[in-house]
Amino acid sequence: TTLTFAQTTDSTLTTNYEQKTIRFVSLNSAKYVQNGVEKRSGIFYKRLKTEFQNISTEAKQELTLAIRQKKIASLLGNTGSALYCVGLVLIVTPSGVIGLTMFAVGACLIVPASIIQVSSQKHLYKAVWLYNRDVLVGK
């Protein structure tokens, strides 16, 4: 009976792994695979968030943190890029000091945006790892 239980448990584990776990298509990908179907994670992981409905609070918290950081990184990155580009154009005008200032501020916003984006990815990967753990363990 112990062997039968082990085989049943192994079979259930394999089925859960193949059908319920989430795997990203590639590093920094906006696509993931679940049950053999390739899906898009959505803007700010909106579609991926639906997979986390009935999972541990710990996994949900990590995903929430990843979403928050991605939004902040996007805001800083887009603002920084806009200031950087406009500043670059204005440097050659008679009001070059304003252009240089905008250029510098834009560059200074892009750096933290990149750092926050990397942190967001780390939290996303941890959230998915926790999700997969919960699916396999049965939490």
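Trainee: Which helix gives the most to the lining of the largest pocket?

Mentor: Helix H4 does, with 3 residues; a helix here is a DSSP run (H or I) of at least four residues, numbered from the N terminus. This is a predicted model, in which local features need pLDDT of at least 70, side-chain atom pairs count only at pLDDT 80 or more, and totals for chains, interfaces and linings use all residues. Residues are numbered from 1 along each chain as its sequence is written, and side-chain values use heavy atoms, with hydrogens and water left out.

Trainee: Why is serine 56 called buried?

Mentor: Its relative accessible area is 16%, and buried means under 20%, with exposed over 50% and partly exposed in between (1.4 Å probe, protein chains only). Serine 56 is therefore buried. This residue lies in the loop between helix H2 (46-49) and helix H3 (57-90).

Trainee: What does serine 56 touch, leaving out residues up to four places away in sequence?

Mentor: Serine 56 touches Arg133 and Asp134, where contact means heavy atoms within 4.5 Å.

Trainee: Which residues have the most contacts inside the largest nonpolar core?

Mentor: They are Ile22, Tyr45, Leu48, Phe52, Leu63, Leu124 and Val128, in a core of 17 residues. Such a core is a set of buried Ala, Val, Leu, Ile, Met, Phe, Trp, Tyr and Cys residues joined through side-chain atoms within 4.5 Å. The largest share of this core, 6 residues, comes from H4.

Trainee: What is leucine 48 in contact with, its neighbours within four places in sequence aside?

Mentor: Its contacts include Ile22, Leu63, Leu124 and Val128.

Terms used: Helices (H or I, at least four residues) and strands (E, at least two) are DSSP runs, numbered from the N terminus.
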